[in-house]
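Notebook open, structure loaded. I want to know how the two chains meet.

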Amino acid sequence: MHHRTFAQIEIRYFYLLLAFGLAVVLAGLVAAQQMEAHGHIISGMNNQVVWGLPHVFAIFMIVSASGVLNVASVGSVFGRHVYKARAPLAGLLSLALLAGGLMVLMLDLGRPDRVIVAITNYNPTSVFAWNVLLYSGLFATVGLYLWTLMDRTMGGWSKPAGLLVFVWRIILTTGTGLIFAFLVARQAYASALLPPLFIIMSFTWGLAIFLIVQFAMFSWNELQLNPAIQKRLKNLLGLFVVSVLYLVATYHLTNLYFSRQVAFERFILTQGGFYTGLFWGGYVVLGSIVPLLLIFMPGLGQARCVLLASLLVLLGAFSLLYVFIIGGQAFPLLIVPGYTVHSSFGDGQLASYAPTVFEWALGAGGLGVAFVIVTVGVRILNFLPHDDPRQLMEGN
Amino acid sequence: MSCNHDQQRRQFLSRGAALTAAVSIAPGLMLYDFARARPPGEAANPAVRWGMLIDTTQCESGCDACVSACNKENGLSGRTLPTDSQWIRKLELQQEDTGRKISMPMMCQHCAEPPCVDVCPTGASFKRADGIVLVDKHRCIGCRYCMMACPYKARSFVHEPVTDHSGATPRGQGTVESCTLCVHRVDQGVAPACVEACAREGHQAILFGNLNDPKSAIAQRIRSVASVKLRADLNLDPGISFVGI
């Protein structure tokens, strides 16, 4: 009787996962090709909701790509060994998520074939143009940082490289928040709270993704995470979830204080139907309160609870972004204050938007790119966090 | 004698008809107070700022002559699905406290500080020296950030392949477009299509001209009547002003 070795079984699973990831990427590319051929008419986007589901996916991945580096920053910049052991994995996840997010963003362009124009014709007043530099710069700085971490001869440079990545990603997420904060005319966006909100959202979503990948890697290798590390990371996630809730509440409460914003807040918080349900049910309850219970309730907080909490945090992330990006556009612009307005162009009306299968496929394709990069990365290089028991005992 | 009388009567009628035609069709041109067309290759004149004054008291509810003229001039389909381009549209307004009803055209406001130009990553959105805000169709990558930034919902994204190229303005799938103030006509010394159509209907709700010329009809009218700019709180200094709101 022929017995398969663990290695043989493992490599089958690896190729199975890889095939799955590539299939999702292929579906995304086909969707993009169809949108290129037929135009955005085959998407649910229109002249009222101009950014749709692909942008939810893209911004989720780009924001998370920055936040996942938090684990690395705590290690390299603030000298915590527990986190430093995780820095290479955080770096890989960051590159993977950024690649996935940018792929979605670029393939959703009306003219993706002209993406090079964004470099050859650069408008310095555009925060989008700043982000072209910030995103490509993150690839470079994280690549450099990974080099200092993984090449022993470069070890001395990991702290300054980590500091560079830390500063770069804070500026990058500020830039992502500013994309919306600079939109002065839209009730949902023009707020100085958005950059800090995006930064704390990035910490939360990035850590949730890190915890899920770490759980998968430890399970794959039949290892158990040290309970002290588990506790530290889950508490950090809980703290981040509370921080996002605080800033989201502040954002809505400040809006409620401005009478011109009250109609918009009423729409999102009470009368927005699907958007209201997604905000309260998806983000507040399932994406924040339930994860907090799973993390902090006495008797809970074990590895599986933290995994479930992390998955729910990501569900909350998508819910919050969907309400923010699409709900924010669905609410009509106030063009002539003091008047009710009707027109053939949807003025004064709530815009409707229903994403099509092409948008789902394109967004998922971006996640697929991140998945494939991580799956191959952890297979060919040593990204598994190795905890040193002596340093754990020293409480560092 | 009677023959001579008939001849005079016919002459009078034909001259009268010509005069009526001139009065009804030409105001757009007559109000269009600049002397010459811009020769090809000559840069737009920074001393000029083109603008409009829209008198909502003269704009008739249900009349869409300006919209139809724009669609025809620029090769737009005229369909009004949420994915169709509308460079100009009619707003039907009702004042919330008094119930007063107003009808008016709405298009790109050709701001002096256009947010669409600020946010465009490639510089495809730009403002000409004479104040006309345009999109360079060869440089637009279709990111739609300008549409997010425009306070007036003035821009449309071309969602489908363009098959009708009968319009005077180049259009292309996957790019953003909006009112060009009929720049191709203005450069020929002709008023925008919507202005001409409104005058042809006898409403004369849209006055077009050089805001920087104190002697121009539009500058004189703006000095003599109360007018407002939409979302003046944003301080974008639109080139379009409105009377009666």
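My entries on the contact between the chains follow.

**Entry 1, the model.** I'm working with a predicted model here, so every value below is computed from it.

I then checked who contributes on the chain B side: B:Y145, B:M148 and B:K153 supply 18% of what chain B buries against chain A, more than any other three residues. As for residue counts, chain A puts 54 residues into the contact, and chain B puts in 54 residues.

I counted 33 residue pairs in polar contact between chain B and chain A, both residues at pLDDT 80 or more. The list of salt bridges between the chains has two entries. I looked at one of them, where the side chain of B:R89 meets that of A:D347 at 2.5 Å, N to O.

I found β2 (88-95), β3 (101-107), α4 (115-119), α5 (145-149) and β6 (156-157) of chain B each supplying at least two residues. β2(B) gives the most, with seven residues. Sorted by class, this side of chain B has 25 nonpolar, 15 polar and 14 charged residues.

Which strand of chain A pairs with β2(B)? I got β1 (residues 339-342) of chain A, antiparallel, over four bridges. I noted one bridge by residue: A:H342 has B:E92 as its partner in β2(B).

Technical notes:
Residues numbered from 1 in each chain as written. Chains lettered and ligands numbered in written order. Predicted model: local features only at pLDDT ≥ 70, side-chain atom pairs only at ≥ 80, totals over all residues. Heavy atoms only, no water. Contact = heavy atoms within 4.5 Å. Buried area = accessible area lost by both parts, 1.4 Å probe. Salt bridge = Lys/Arg side-chain N within 4 Å of Asp/Glu carboxyl O. Polar contact = N/O pair within 3.5 Å; in protein donor to acceptor, adjacent residues only side chain to side chain. Nonpolar A, V, L, I, M, F, W, Y, C, P; charged D, E, K, R; others polar. Pairing = 2+ DSSP bridges.
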